Amino acid sequence: MAKISRRTLLQSAAFAGIGGRFAVAAAARNVSIGVTDWNLKLGANPDALPLAARIGFEGVQISFGRRIVDNKMPVDDPAIVSRYLSLSAEHKIPINGTCVDKLHDNGLKSDQLAIQWVLDSIRLTSALKSRVLLLPFFGKWAIQNQAEGNAVGDALREIAPEAERAGVILAIEDTISAENNVRIMDRAKSTNVSVYYDTGNSTQAGFDVVKEIRWLGKDRICQFHLKDNPHYLGDGNISFPRVMEAIRDIGFTGAADLETDTQAGSTVEADMRKNLAYIRQAMG
């Protein structure tokens, strides 16, 4: 066996260290940091895109609005869809996801109107060249027990074939455990049903977010909300360096959107810049 000099060993170790740092940096770059339009205070408003781009975000999650006119959600208008696409191209910022916020009024666990809103939202999501459609379950429409979880799973199984045809992921966001979310996914019987993981909601519900992220893994999480409201990121109880480490370690690639509130006496732009700078630092 040929002898390896001490110098060669030191050089190899140095290159390994550099390679490791590049690997970490590459993994971090696989997670783009976006923002929700409602936390920009521009829900269902195309002007959210240029604002997000100016702040420095890499994507925007847009909401479809709740004020129904002629049986349509506010964004369900070809002219509005066209404006979104035009602004996205002009400012070089993608629509990384959508939200059928009408489910705050008509919940999917027991209201047939919710099926219509989700089907319409699948069509709109595809038209906006996006892929992840958030389905919220909060307030009176929160999933409270196994029977309600089963009802949601059954509704998703009915809707999923349309999502599959459109190439859209139905992303469930709620206040239940990772295990109970997987039960819903299993009942839906579609790979196009996934978890939209929210660090703030899960922490407030008493779950260990780092443990849940690692347990769910990259194949069962389609996107993240990063928040610890009412605090600035890093000032509350959630360790975002550990969260971002877990996201990186599971091999997740995709978007993590800030859903952070604006503090009293401050501005949306100032607080978004502060939280964005923090989370990029926490990514390493």
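This passage describes the predicted model of one protein chain, from its overall make-up to selected details. Residues are numbered from 1 along each chain as its sequence is written. Local features need a pLDDT of at least 70, side-chain atom pairs count only at pLDDT 80 or more, and totals for chains, interfaces and linings use all residues, while side-chain values use heavy atoms, with hydrogens and water left out.

Over residues 1–28, the pLDDT is below 50. Beyond near neighbours in sequence, this stretch has 4 contacts in the model (heavy atoms within 4.5 Å). Where pLDDT is low, the predicted coordinates should not be read in detail.

The protein chain holds 10 helices and 8 strands. These are DSSP runs numbered from the N terminus: helices are H or I with at least four residues, strands are E with at least two. Of the 284 residues, 50% are buried. Buried means under 20% relative accessible area, exposed over 50%, and partly exposed in between, with a 1.4 Å probe and protein chains only. Among contacts with a separation of 6 or more, 76% join residues 24 or more positions apart.

Helix α8 spans residues 209–216. Its buried residues are V209, V210, E212, I213 and L216. Seen down the axis of α8, they fall within an arc of 165°, so they line one face of the helix. The arc is that of the directions from the helix axis to the C-beta atoms. This buried set packs against α6 (178–188), β6 (193–198), α7 (199–204), β7 (221–226) and α9 (240–249). D208 caps the N-terminal end of α8, with a side-chain oxygen 3.2 Å from the backbone nitrogen of V210. Just after the helix, G217 takes a positive phi of about 75°.

A cavity is a set of points where a 1.4 Å probe fits but cannot get out; a pocket is an open set with protein on both sides within 12 Å along at least five of seven lines. Lining residues have an atom within 4 Å of a point. Grid points are joined across faces, edges and corners, and a volume is the space filled by probe spheres set on the points.

The largest pocket has a volume of about 280 Å³. It is lined by 18 residues, and T191, V193, S194, D219 and R220 are the closest to its centre. Elements α6, β6 and β7 each give two or more residues to this lining. The largest share, 3 residues, comes from α6.

There are 2 cavities of 30 Å³ or more. The largest cavity has a volume of about 80 Å³. Its lining comprises 13 residues, with D174, N181, Y196, Y197 and S202 nearest its centre. Here β6 provides the largest share, 4 residues.

N275 is found in helix α10 (residues 268–282). N275 is buried, with a relative accessible area of 1%. Its side chain makes a polar contact of 3.4 Å with the side chain of T260. A polar contact is a pair of N or O atoms within 3.5 Å; within protein, one must be able to donate a hydrogen and the other to accept it, and residues adjacent in sequence count only if both atoms are side-chain atoms.

N71 lies in the loop between β2 (60–63) and α3 (78–90). N71 is partly exposed, at 46% relative accessible area. A polar contact of 3.4 Å joins its side chain to that of Q116.

Notes. pLDDT = per-residue confidence, 0-100. 1 Å grid on protein atoms, 1.4 Å probe; cavity = no way out; pocket = protein on both sides within 12 Å on 5 of 7 lines; lining within 4 Å.
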